[in-house]
Amino acid sequence: MSDDPPDPPGFKPEGPPRVPGQRAVRPKNAATVMIIRRDGPKPRVLMGRRHGGHSFMPDRWVFPGGRIDRADYRAPFATDLRPDVQAVFDAYLKPGRGRALALAAVRETWEEAGLLLARPAPVRPSAGPWRPFVDQGALPDLEALDVIARAITPPMVGKRFDTWFLLADAERLMSLERQADCGELDEIAWVDFDEAQALPLPSVTRMMLREAVARMQDPNRPKPFLRFRAGGMTPSHL
């Protein structure tokens with residue numbers, strides 16, 4: 001939008017362009033979670049800055065998240081998705097994929113920000129990408145998550161994601177203190193929504209910040225589904 005602050009000079013594009021003449025890249029399944037903290041004068045959201053060497057959204061501030069790993073389909077959890085949240089996933093996805101997306105978002109929050117959206121649990125044998133998480137004596141708290149939106153990267157971009165945007169309250173974190181040796185994002189910060197809008201953001205992240213503010217005022221508002229057809233964005237609702 002015209003009121004959005006421009007990216008600083010020299011910033012790289014949000015993603016690599018599609019190779020001319022080639023078909024659009026198939027989007028990869030991904031999920032990200034907006035964790036809202038309400039213990040101050042204004043609500044704050046957890047955000048992190050991606051490294052400038054990434055080919056997708058370099059130097060931008062984003063919510064923790066990422067693509068599904070095969071291990072997310074069989075990862076253990078302490079609590080399951082709420083029935084209303086599961087129903088939103090089930091309306092669009094194959095059985096089991098919605099839970100895997102939620103688990104991917106929880107795992108990526110640990111890997112990128114060093115924070116556990118989880119409940120205490122006995123340490124149990126584990127392998128693969130979930131082992132560092134389970135070794136903390138924790139299992140994912142999927143009941144804490146809500147779906148707020150879905151967005152698919154435009155077809156003119158050479159790296160695409162079909163991303164589900166989730167929401168959780170920071171009170172569901174096991175601790176607000178980050179694990180010292182965790183964190184793939186260059187910087188991590190809790191920022192209020194006005195401060196967040198002044199950061200270098202991907203366009204979809206900027207839209208989701210606005211959506212989160214609107215949802216705090218009206219929790220029952222429709223959930224946006226953003227995709228691109230015939231050269232333009234076609235907004236609808238989940």
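This is a predicted model: local features need pLDDT of at least 70, side-chain atom pairs count only at pLDDT 80 or more; totals for chains, interfaces and linings use all residues.
**Notebook: Leu93 and other spots**

I started at Leu93: beyond its neighbours within four places in sequence, Leu93 is in contact (heavy atoms within 4.5 Å) with Gly98, Leu101 and Trp164. Numbering runs from 1 along each chain as its sequence is written, and side-chain values use heavy atoms, with hydrogens and water left out.

Leu93 sits in the loop between α1 and α2 (helices are DSSP runs of H or I, at least four residues, and strands are runs of E, at least two, numbered from the N terminus). At 12% relative accessibility, Leu93 counts as buried (under 20% relative accessible area with a 1.4 Å probe, protein chains only; exposed is over 50%, partly exposed in between).

**Whole chain**

The protein chain has five helices and eleven strands, and 49% of its 238 residues count as buried. Of the contacts with a separation of 6 or more, 69% are between residues 24 or more positions apart.

**Helix α1**

I checked which residues of α1 (83-90) are buried, and got Val85, Gln86, Val88 and Phe89. They span an arc of only 155° around the axis, so they are on the same side of α1 (the arc is taken from the directions from the helix axis to the C-beta atoms). Their cover includes α2 (97-113), β7 (146-152) and β8 (161-169).

**Second largest pocket**

I found that Leu93 also turns up in the lining of the second largest pocket, together with Arg26, Pro27, Asn29, Tyr92, Arg97, Arg150, Ile152, Arg160, Asp162, Phe225 and Arg227. β7 and β10 (224-229) are the elements that give two or more residues to this lining. By type, I get five nonpolar, one polar and six charged residues. The volume comes to about 240 Å³. For the record, a pocket is an open set of points on a 1 Å grid over the protein atoms alone, with protein on both sides within 12 Å along at least five of seven lines, and lining residues have an atom within 4 Å of a point.

**Asp72**

Asp72 belongs to the loop between β4 (65-67) and α1, and its relative accessible area is 1%, so it is buried. Its side chain makes a polar contact with the side chain of Arg107 at 2.8 Å (N or O atoms within 3.5 Å, one able to donate a hydrogen and the other to accept it; residues adjacent in sequence count only if both atoms are side-chain atoms). I also see a polar atom of the Asp72 side chain 2.8 Å from the backbone nitrogen of Asp69. Setting aside neighbours within four places, Asp72 is in contact with Arg67, Ala100, Leu103, Ala104, Arg107 and Trp130.

Ile35 is in strand β1 (28-37) and is buried at 0% relative accessible area. Its C-alpha is 5.5 Å from that of Asp169, 134 residues away in sequence. Beyond neighbours within four places, its contacts include Leu46, Thr109, Leu173 and Trp190.

Leu115 lies in the loop between α2 and β5 (118-120) and is buried at 1%. I note that Leu46, Thr109, Leu173 and Trp190 are among its contacts too, again leaving aside neighbours within four places. Ala170, 55 residues from Leu115 in sequence, is 9.9 Å away, C-alpha to C-alpha.

Conventions: On a 1 Å grid over the protein atoms alone, a cavity is a set of points where a 1.4 Å probe fits but cannot get out, and a pocket is an open set with protein on both sides within 12 Å along at least five of seven lines; lining residues have an atom within 4 Å of a point. Grid points are joined across faces, edges and corners, and a volume is the space filled by probe spheres set on the points. Ala, Val, Leu, Ile, Met, Phe, Trp, Tyr, Cys and Pro count as nonpolar, Asp, Glu, Lys and Arg as charged, and the others, Gly among them, as polar.
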